[in-house]
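These are my notebook entries on a structure that I went through part by part.

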Amino acid sequence: MFSSYIWGVITVCMYTSIIVVGLAVFTGFTGLVSLGHAAFVAIGAYTCAILTKTFELPFFVGVIGAALTSGLASLIIGYPTLRAKLRSDYFTITTLGFGEAMRVILENLEITNGARGIGGLGNYSHPITVFVILVIVLWVTKNYIFSRYGRMSISVREDPIAAEMAGINVVQVRLRALLFSAICAGIGGAIYAHYIRFIQPSMFISTQSTLYTAIVVAGGMGSITGPCIAACIFTMIPEVLRVADQWRMVAYGAVLVAIMVLRPSGIFGYKEITIRGMRNLVRRLRKQKLIGPEGVEIDE
Amino acid sequence: MSKDTALKIDGLTKAFGGIKAVENLSFELKTGEIMGIIGPNGAGKTTVFNLITSVYQPTEGNIYFEGQNITGKQPEEIVKLGIARTFQNIRLFKKLTVIENVITALDLNNPKYNVMQALFTNFPFVNNKIKKSEIELREEAKKYLRDVGIEEYAYKTAESLPYGLQRKLEIARALALNPRLLLLDEPAAGMNPEETRELTELIRTLAKKFDLSVLLIEHHMDLVMNLCDHLYVINFGKFLAEGTPEVIQNDPKVLEAYLGGEADA
């Protein structure tokens with residue numbers, strides 16, 4: 001139906017969404033900013049690559065392995081820093097340092113093949129596979145947010161002191177959100193590795209981390225679908241503007257500035273796209289006679 | 001220490017660098033009693049609350065709740081033991097709805113499901129534990145909203161409530177934690193005399209209904225004098241006077257601290 005190029009862009013949109021949805025739970029709903037999420041993506045990518053290439057295990061084992069190692073890494077970095085109840089900006093600096101440290105580690109390990117990276121990976125990230133994983137991730141994320149755990153996350157974002165005084169263990173809530181986002185990042189990384197089919201440490205630098213966080217902020221701090229849409233927009237900008245060569249990077253900045261000015265709380269703010277919401281929108285538009293035939297009511 | 005003592009403060013001192021915000025305070029709050037801490041601005045009243053709820057750790061001294069030493073425990077542990085509080089500068093979960101604010105406090109004590117169940121068993125269109133629990137919590141939360149009289153605002157966001165009702169919501173959220181000791185930090189701040197009278201009645205009713213011991217900080221003297229069984233006055237972080245409202249009202253030291261110099265009030 002589409003050319004492989006289009007399918008490629010769609011795949012990139014989807015795995016970026018997986019990474020960003022996890023980060024939305026951490027940054028958007030729990031209220032901590034991370035500038036080191038590319039490190040979790042890297043851990044996932046490398047784990048999956050090593051498992052499938054060196055150990056010749058199937059792709060799904062690689063994905064699970066990626067989720068586990070990224071999750072473990074998040075606990076190792078998260079437990080001491082979140083426990084210390086660092087002020088949020090200090091925590092952000094820690095994640096920045098973690099991101100850089102991870103890149104240096106990957107450049108120096110033997111199993112990761114140093115700065116040369118790992119090539120010749122299997123082409124497992126078929127769009128349909130990625131789509132299925134994306135749907136599962138979205139469903140689980142939705143369950144997370146609309147459960148007591150999501151409510152606890154939001155209350156910690158809104159007011160950590162009041163949350164503590166409502167009996168919530170703030171450290172545990174933040175750590176849980178970090179773990180969740182790291183697992184998503186790991187899965188996203190695994191898909192990324194087998195889509196690009198070649199990985200090296202310089203792919204996971206702090207600009208990537210910044211981009212992920214920018215996508216969450218632009219999509220809406222407190223929305224799941226918002227960051228997904230933003231992920232698609234930010235993936236497509238450089239593709240659409242390929243003709244503009246180096247200038248297309250300027251478009252990134254322009255879009256970010258435009259969002260900050262026009263929609264300070266992100267494209268979607270605290271809202272979600274839901275089926276019910278769509279139906280209501282259509283009904284409203286029909287009532288205002290903007291679309292559809294006159295006087296026609298939609299049956300429920 | 002028997003069961004009659006809800007809270008006992010013993011030689012409590014808190015120093016921020018060289019400044020002693022609170023110095024060597026000791027008092028007891030009897031079970032079922034409503035006690036007021038009063039004192040001029042900056043006397044260290046809120047610091048006492050922050051020490052009791054472990055937002056700060058005391059430099060010296062101990063805090064006992066129902067005979068148990070709670071000094072140095074984590075804030076959430078103290079809440080679970082049965083102490084809830086409200087804040088001077090209202091701290092609500094602003095973007096959550098009114099009812100969700102209460103539910104957040106409510107579902108803490110006996111969660112009906114764990115993380116794994118929440119993440120992987122909440123299928124759409126199927127009834128399950130999580131959906132059932134949410135419905136139950138909603139019903140229960142409404143009771144607390146009814147108790148403070150803000151049930152009609154249940155599905156508005158907390159930040160959209162008028163100031164006076166936000167204070168009531170804070171009280172409802174504190175009650176939902178099922179406490180035995182309630183700490184109220186200036187519950188009538190910014191209220192007019194009519195609202196203050198109403199609040200006085202509300203606190204009295206709630207204390208009786210939920211079997212609470214109440215410790216409150218307040219500047220509205222009519223509320224304090226009407227409501228409290230016992231008053232504790234501090235000034236510059238130090239003990240100044242203690243006794244029933246009648247005694248405090250006529251204490252020359254208290255009048256001096258409030259009005260400065262001699263006064264015939």
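Ground rules. I note that this is a predicted model, in which local features need pLDDT of at least 70 and side-chain atom pairs count only at pLDDT 80 or more, whereas totals for chains, interfaces and linings use all residues. Residues are numbered from 1 along each chain as its sequence is written, chains are lettered from A and ligands numbered from 1 in the order in which they are written, and side-chain values use heavy atoms, with hydrogens and water left out.

Domains of chain B. I took the division of chain B as domain 1 (1-82 + 179-265) and domain 2 (92-176), with bounds that come from an automatic or database domain assignment. For their contact (heavy atoms within 4.5 Å), I listed 17 residues from domain 1 of chain B and 12 residues from domain 2 of chain B. The C-alpha centres of the two domains lie 29 Å apart.

I then read the buried area, which is the accessible area (1.4 Å probe) that two parts lose on being put together, summed over both; between these domains it is about 1,200 Å², and carbon and sulfur atoms give 71% of it. Leu202(B), Leu206(B) and Phe210(B) supply 31% of the area that domain 1 of chain B buries against domain 2 of chain B, more than any other three residues.

Two salt bridges cross this interface, by the rule of a side-chain nitrogen of Lys or Arg within 4 Å of a carboxyl oxygen of Asp or Glu. I checked the pair Glu198(B) and Lys168(B), a salt bridge whose closest N and O atoms are 2.9 Å apart.

Sheet in chain B. I traced an open sheet of four strands in the order E2-E1-E4-E5 (chain B), with antiparallel pairing; strands (E, at least two residues) and helices (H or I, at least four) are DSSP runs numbered from the N terminus, and two strands pair if DSSP finds at least two bridges between them. Eight bridges link strand E1 (residues 5-16) of chain B with E2(B), and Leu12(B) has Leu25(B) as its bridge partner in E2(B). The hairpin of E1(B) and E2(B) has two residues between the strands, and Gly17(B) in the turn has a positive phi of about 60°. E1(B) also runs antiparallel to E4(B), joined by five bridges.

Chains A and B. Which contribution does each chain make to the contact? I found 26 residues from chain A and 36 residues from chain B. The two chains bury about 2,800 Å² between them, 65% of it on carbon and sulfur atoms. In chain A, Arg148(A), Arg151(A) and Met165(A) lose the most area to chain B, together 28% of what that side buries.

I counted four salt bridges between the chains; Arg91(B) forms a salt bridge with Asp159(A), with the closest N and O atoms 2.9 Å apart.
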